[in-house]
Amino acid sequence: PVSPAVRRSAELEQQLSLDPGRFRVLTGDRPTGALHLGHYFGTLHNRVRLQDLGVEVFVLVADYQVLTDRDVAERLTEHVEGLLLDYLAIGIDPARTTVFNHSAVPALNQLLLPFLSLVSVAELGRNPTVKDEIAHSRQSAVSGLMYTYPVHQAADILFCKGNVVPVGQDQLPHLEVTRTVARRFNERYAEVFPEPDALLSAAPLLLGTDATKMSKSRNNSIALGAGADETARLIKGATTDADRHITYDPARRPGVSSLVLLAALCLGRDPHEVAAEIGNSGAAGLKRTVTEAVNTRMAPIRARRAEYAQDMGYVREVLRTGNERANAVAEATLREVREAMGMFL
Ligand code: ATP
Ligand code: MG
């Protein structure tokens with residue numbers, strides 16, 4: 001059975017290609033480490049495709065949200081620069097796409113205050129992604145920011161009136177929060193915000209080398225910028241099982257199947273076919289196929305990344321220019337919000 005979110009994504013795809021000018025996309029990442037293959041197939045690839053379709057795209061470096069699951073943001077500058085390099089390497093074009101960071105856009109953050117007044121504490125506590133993240137949290141105690149960051153995310157999306165959000169599956173509960181905030185604001189004050197839709201990719205949940213969600217902070221990921229040898233080493237250490245016959249069966253064989261899927265995504269092929277071809281060559285054969293597929297697919301991205309890394313002045317300029325534009329957009333929205341709420345202007 002096809003889930004409503006998947007069905008809605010298919011409808012959206014059609015509308016996006018027919019009328020890209022009607023849409024505005026907001027997506028982003030936390031500067032907590034290097035972007036990985038889960039990001040690439042889960043969302044990055046979609047961002048570039050939408051940009052190239054002519055949709056206006058905003059890409060957020062979510063620096064304040066680093067503090068949701070840890071006490072301090074470590075090596076922030078290094079991680080921000082890493083994200084910028086990854087974006088440029090995959091084909092984000094700063095002339096068409098606005099790349100900005102949270103902390104540089106005060107008016108966006110101010111939207112959090114009225115938005116928090118629109119949701120109940122009970123609603124925040126029920127969010128399944130937040131529960132999962134609390135389980136993996138490195139914080140000494142669960143902070144208020146952990147509970148409220150889905151509302152902060154509503155501010156991220158709504159400050160630019162984003163109506164399409166290309167995300168992985170873990171983000172669906174958060175998008176519900178954003179839709180609720182938009183709807184309640186519009187009902188309580190005035191029609192200001194769209195109710196955005198999630199756009200799921202073909203790989204909304206790629207698993208890492210330990211067969212749980214690939215995450216930059218779980219030591220189970222293969223970075224976009226990883227070298228060919230490092231990629232081989234990581235895949236060699238991936239969790240598989242004892243059955244030599246390779247099949248694609250995500251529910252019963254998560255480890256093996258996630259490797260099959262990764263190869264299939266890199267090759268642009270069907271995972272069942274890829275599994276059938278590997279057949280009885282066992283985990284070692286599977287890992288050889290995956291390593292080669294990943295390294296071939298990522299080679300041009302890795303080469304471009306290395307080129308941009310030679311000119312960090314330009315890379316930082318991309319963020320400065322994006323921040324200027326994001327500030328103008330955020331200030332205009334905040335003015336509208338304050339006006340709708342009857343605040344002294
Ligand atoms: P962290 O471990 O620091 O939370 P992360 O790897 O989960 O990092 P985020 O910055 O939280 O990455 O997520 C950025 C975007 O990438 C989100 O849209 C998320 O849904 C998507 N994403 C993250 N991991 C995956 C994955 N394994 N498969 C598909 N999409 C993913
Ligand atoms: Mg995450």
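Me: Leaving aside its neighbours within four places in sequence, with which residues is Val 260 in contact?

Reply: Two residues are in contact if their C-beta atoms, placed from the backbone, lie within 7 Å. By that rule, Val 260 is in contact with Ile 246, Tyr 248, Pro 271, Val 274, Ala 275 and Leu 286, its neighbours within four places in sequence being left aside. This is a predicted model, in which local features need pLDDT of at least 70 and side-chain atom pairs count only at pLDDT 80 or more, whereas totals for chains, interfaces and linings use all residues. Residues are numbered from 1 along each chain as its sequence is written, and chains are lettered from A and ligands numbered from 1 in the order in which they are written.

Me: How many residues has the largest nonpolar core, and which have the most contacts inside it?

Reply: In soluble globular proteins, nonpolar side chains tend to be buried together. A nonpolar core is a set of buried Ala, Val, Leu, Ile, Met, Phe, Trp, Tyr and Cys residues joined through C-beta atoms within 7 Å. A residue is buried if 20 or more other C-beta atoms lie within 10 Å of its own, exposed if 12 or fewer, and partly exposed in between, with C-beta atoms placed from the backbone. Here the largest such core has 85 residues, and those with the most contacts inside it are Val 25, Leu 84, Val 165, Val 260, Leu 262 and Ala 263. Helix H11 (residues 254-267) gives the most to this core, with nine residues. Helices (H or I, at least four residues) and strands (E, at least two) are DSSP runs, numbered from the N terminus.

Me: Which residues of helix H12 are buried, and where do they lie around its axis?

Reply: In H12 (residues 271-278), the buried residues are Pro 271, Val 274, Ala 275 and Ile 278. Seen down the helix axis, they fall within an arc of 100 degrees, so they line one face of H12. The arc is that of the directions from the helix axis to the C-beta atoms. The cover over these buried residues includes H11 and helix H13 (282-308). Gly 279 follows H12, and its phi is positive, near 50 degrees.

Me: How does one read the domains, and what is the distance between their centres?

Reply: Domain bounds come from an automatic or database domain assignment. It gives domain 1 (4-206 + 312-340) and domain 2 (228-308), whose C-alpha centres lie 29 Å apart. Their contact takes 10 residues from domain 1 and nine residues from domain 2.
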